[in-house]
Amino acid sequence: MLHKQRAINRCLRLAGKKTPSPRSQRARSRGGAWRGGGGSSDAAAPPLAAPARGPQTSAQAPEPVVLPGRAMATFRLALIQLQVSSVKSDNLTRACGLIWEAAKQGAKIVSLPECFNSPYGTEYFPEYAEKIPGDSTQKLSEVAKKCSIYVIGGSIPEEDAGKLYNTCAVFGPDGTLLVKHRKLHLFDIDVPGKITFQESKTLSPGDSFSTFDTPYCRVGLGICYDIRFAELAQIYAQRGCQLLVYPGAFNLTTGPAHWELLQRGRAVDNQVYVATASPARDDKASYVAWGHSTVVSPWGEVLVKAGTEEMIVYSDIDLKKLAEIRQQIPIFSQKRSDLYAVEAKKP
């Protein structure tokens, strides 16, 4: 068999063709196997993508997915769907207790919902606002350190230099504040006969992108209404994020119409995992949250979805699956940067 292969290779050299190396022959013979992701999804493996055709140009592609080791290729994400009351101390105590419970179940990254320490409403933001660091974020720092996990602190009303912001603080396993994301796009809408809301009556918008690194992957942050703006997610993907987390509180008008749709759109467009953490539904509140905290895969599968009550949902994030999807459907190398571009105007 070896003599036969050498004879074939000599013929190829005489014909002026490149001889394939044994290593490349072995690589082609192995092929790619689909490995299912975590969570509740049991969907079939996606088909392999056909070879790309048509004009292509190089575009700004996301950083390659680097899997530092078998143990870190998959990690558990937990979303806490907290029942928020008007008593801040109760909200903090219950939130920290649920974070502790999620850590005991193996979660490495845990997210709280938007406005986890305060009722959601422009009339509440000034009353519940804190500086960062402050009482709420100090407790999150302590529980992150005790549990040795990453805590995405949903959001709280933040006061700084006379302005109020809707802000998410993230803490590392040592309790260090890693990043502070101020909601970029304020929730100002008017759907006649259904809902009118203006965050801009009391809040100011943030002006910076927010990502943080873990041993598992890079994570990009948005808050609620930020998810409607596809450009933000695209920039995060360009910057190497494989997971986007949006603490959010959609309502009974926008929730059933757009909550899942937007998450699946951001996930498929950017081939990333998308997670949303909502408060639990309280039908007696002045603003009724939709609930249904969700995790969506880069294939657009809903991996797990909460109901409306207070609960923790878990999903095992599989970065091998993400890498395989990007290899099978290589949209980042196929973008037409000669025709269009999405660019950040700030670092």
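Let me start with a turn: strand 7 and strand 8 form a hairpin with three residues between the strands, and in that hairpin G193 has a positive phi near 80°. Strands here, like helices, are DSSP runs numbered from the N terminus, with at least two residues (E) for a strand and at least four (H or I) for a helix.

Before going on, the basis. This is a predicted model, where local features need pLDDT of at least 70 and side-chain atom pairs count only at pLDDT 80 or more, while totals for chains, interfaces and linings use all residues. Residues are numbered from 1 along each chain as its sequence is written, and side-chain values use heavy atoms, with hydrogens and water left out.

D188 has Q198 of strand 8 as its bridge partner.

Six strands make it up, in the order 9-10-11-12-13-14, with mixed pairing. Strand 9 (211-213) and strand 14 (302-305) are at the edges with a single partner strand each, so one side of each has no neighbour in the sheet. From one strand to the next, the twist averages 15°. Angles run from 0 to 180 degrees between N-to-C directions, and axes are lines fitted to C-alpha atoms, for helices over the stretch in contact. Within this sheet order, strand 10 (residues 218-221) and strand 11 (residues 241-247) run parallel and are joined by four bridges. G220 is opposite L244 of strand 11.

Now salt bridges, meaning a side-chain nitrogen of Lys or Arg within 4 Å of a carboxyl oxygen of Asp or Glu. How many salt bridges does the whole structure have? The search finds 17. One of them joins R76 and D316 at 2.8 Å, N to O. R76 is in strand 1 (residues 74-81) and D316 in strand 15 (residues 311-318), so this pair ties together parts 240 residues apart in sequence. R76 is partly exposed at 27% relative accessibility, and D316 is partly exposed at 23%.

Another pair is R182 and E158, with the closest N and O atoms 2.9 Å apart. R182 is in strand 6 (residues 177-182) and E158 in strand 4 (residues 156-160), 24 residues apart. E158 is buried, at 1% relative accessible area. Salt bridges with shared partners join E158, D160, K180 and R182 into one network.

In helix 3 (residues 88-104), E101 and K104 are three residues apart, about one helical turn. They form a salt bridge, with the closest N and O atoms 3.6 Å apart. E101 is partly exposed at 30% relative accessibility, and K104 is exposed at 57%.

Helix 3 also packs with helix 5 (residues 135-147) at an angle of about 15°, their axes 10 Å apart. That makes the two helices roughly parallel, a label for angles under 35 degrees, with over 145 being roughly antiparallel, 65 to 115 roughly perpendicular and the rest oblique.

Notes: Pairing = 2+ DSSP bridges. Buried < 20%, exposed > 50% of the residue type's maximum accessible area, 1.4 Å probe, protein only.
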